[in-house]
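Open the model in your viewer and colour it by chain position. The stops below say what to select and what is there.

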Amino acid sequence: MDPPEGGGDRKKPKRAAAPAVEAAGDDVLRDILVRLPDTASLARAALACRRWRRVASDPALLRRFHSLHGPPPLLGFLMAEPPPRAFAHEPPARRFVRAPSRNPHLAAAAAAADIHLHGFAAENPRSGSVIDAWLLRGCDAGLLLLSYGFVEYEELAVYDPVGRTAALLRRPDVMRFDFEFIGIHYALVAGDSDASFRVFGAQFFNGRIMAAVFSSRTGEWAALPSLRAPDPWNMRGGMRAGRFAYWQSNSRLTRCFFDNEVEHALVLDTTTMEWTLIRVPFHAKESYCVADMAEHGGLCLVASKEQCLQLWVRDSNGEWVIKKQVMLLKEFGLLKELRRDEWMKRVRVLAVRDGHVYMEFWSIRKPNSYLLVLNWETMKLGVLDNDTEEKYRGPAFPLFMTWAPPLLSPAIDQALSLQGD
């Protein structure tokens with residue numbers, strides 16, 4: 001029946017009641033978000049609206065979240081061919097080996113990630129370099145460090161392949177050598193509880209190392225103290241190890257020119273900006289990485305001798321001693337079978353993070369390999385089959401799912417702004 005003309009008592013429609021979670025305060029919302037099962041779920045929840053994103057971006061909440069749920073989950077391993085040689089025209093090929101996951105959100109994030117940089121290159125076209133492509137220079141947590149061009153014409157970018165967002169930065173101009181063509185070798189250090197990052201750059205020339213640091217918080221480069229370092233020094237990309245950034249001398253690469261194969265590691269404490277030059281206590285041919293283990297005094301070394309994993313720590317006299325050894329073939333029958341059936345022999349130590357050792361088990365006879373994740377405490381071993389017909393013997397990094405709110409894509413950021421609180 002139609003209402004009478006000229007008015008009448010019209011009832012105003014009742015406003016829908018706000019969901020209980022919307023009516024609750026920020027403290028209650030924090031308690032809800034911190035109980036989500038994993039980082040991928042937290043990231044999805046943060047996309048609901050601006051208020052949820054603001055609460056989920058709180059560094060205090062993120063620290064509490066990681067303390068309850070452990071470190072960020074592993075998405076997979078990013079592998080590459082060796083760095084380009086002089087006069088090369090093609091970029092090193094890359095490969096991503098996804099880690100198996102029962103979490104559909106995590107699996108979807110790994111599948112959709114722009115690992116091969118197609119989306120990034122389309123958004124940031126460049127031309128004119130001998131190698132006309134963005135090169136992978138480093139990785140930490142879920143961020144990639146990229147570069148285009150060489151020496152004084154070099155451009156840098158820090159890229160989130162999951163969120164598909166990037167921060168572009170220039171090459172540091174605070175380091176002054178007599179020759180501008182000397183390359184800079186970088187180490188990326190991502191923030192633990194937010195999307196901030198730092199890029200450390202180091203140059204080696206004539207027995208001296210010059211360095212600088214870029215902070216995303218300030219947007220500027222700052223010079224670091226220089227350091228004397230012995231030859232030979234075939235510095236490549238730096239790596240992060242907890243609060244440390246480090247570069248290896250790679251002495252084995254110049255054994256044709258130097259008889260004394262002594263390996264050094266240049267280590268920077270990123271909290272105090274103090275340098276430590278380590279002469280490693282094992283042969284220069286051994287694979288190793290620097291580790292930050294508070295339970296063993298902080299600065300440690302993890303190396304592989306044949307198929308024996310060794311943890312080196314400093315004793316009360318400052319001397320390097322073996323704290324722990326794991327005979328991988330004896331401890332894990334699967335690896336022994338792979339050694340026998342597929343000639344897998346060499347163990348490459350990639351990184352140590354949050355109590356886990358990330359390694360590659362490979363053979364010079366075959367292109368395929370196996371990626372290993374060893375829990376130091378429980379001695380549980382995860383094995384990923386890197387089934388490939390091409391050799392990827394260059395840099396290799398574990399890639400993690402991190403929640404970095406300020407690096408959300410511009411499209412998502414705009415959508416949240418339109419939604420309001």
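**Stop 1**

Select Arg126. Its relative accessibility is 28%, so Arg126 counts as partly exposed (buried is under 20% relative accessible area, exposed over 50%, partly exposed in between, with a 1.4 Å probe and protein chains only). This is a predicted model: local features need pLDDT of at least 70, side-chain atom pairs count only at pLDDT 80 or more, and totals for chains, interfaces and linings use all residues. Residues are numbered from 1 along each chain as its sequence is written, and side-chain values use heavy atoms, with hydrogens and water left out.

Which residue forms a salt bridge with Glu155? Arg126 does, with the closest N and O atoms 3.0 Å apart. Glu155 sits in strand β5 (residues 155–160) and Arg126 in the loop between α7 (118–123) and β3 (135–140), so this pair ties together parts that are 29 residues apart in sequence. Helices (H or I, at least four residues) and strands (E, at least two) are DSSP runs, numbered from the N terminus.

A salt bridge here is a side-chain nitrogen of Lys or Arg within 4 Å of a carboxyl oxygen of Asp or Glu. By this rule the model has 17 salt bridges.

**Stop 2: the sheet around β5**

Stay with β5 and show its neighbours. The order is β3-β4-β5-β6, an open sheet of four strands with antiparallel pairing. Two strands pair if DSSP finds at least two bridges between them. The edges are β3 and β6 (165–170), each pairing on one side only. From one strand to the next, the twist averages 25° (axes are lines fitted to C-alpha atoms, for helices over the stretch in contact, and angles run from 0 to 180 degrees between N-to-C directions).

Zoom in on β4 (residues 143–148). Five bridges join β4 to β5, and the two run antiparallel. Pick Leu146: its bridge partner in β5 is Ala157.

**Stop 3**

Jump to Asp269. Is Asp269 buried or exposed? Asp269 is buried, at 12% relative accessible area. Arg243 is partly exposed at 33%. The two form a salt bridge, their closest N and O atoms 3.4 Å apart. Asp269 lies in β13 (residues 264–269) and Arg243 in the loop between β11 (239–241) and β12 (244–248), so the pair ties together parts 26 residues apart in sequence.

Next, select Arg353 and Asp354. Their side chains meet in a salt bridge of 3.3 Å, N to O. Asp354 is partly exposed, at 47%.

**Stop 4: helix α5**

Select α5 (residues 59–69). Leu61, Leu62 and Phe65 are buried there. Look down the axis of α5: its buried residues fall within an arc of 100°, so they line one face of the helix. The arc is that of the directions from the helix axis to the C-beta atoms. Show α2 (26–33), α3 (39–46) and α4 (50–56), which are among what covers those buried residues. Then step just past α5 to Gly70, where phi is positive, about 85°.

**Stop 5: Ile364**

Finish at Ile364, in the loop between β20 (356–362) and β21 (369–375). Ile364 is exposed, with 51% relative accessible area. Its contacts (heavy atoms within 4.5 Å) beyond neighbours within four places in sequence are Arg346 and Lys391. Draw a C-alpha distance from Ile364 to Met344: 8.2 Å separates the two, which are 20 residues apart along the chain.
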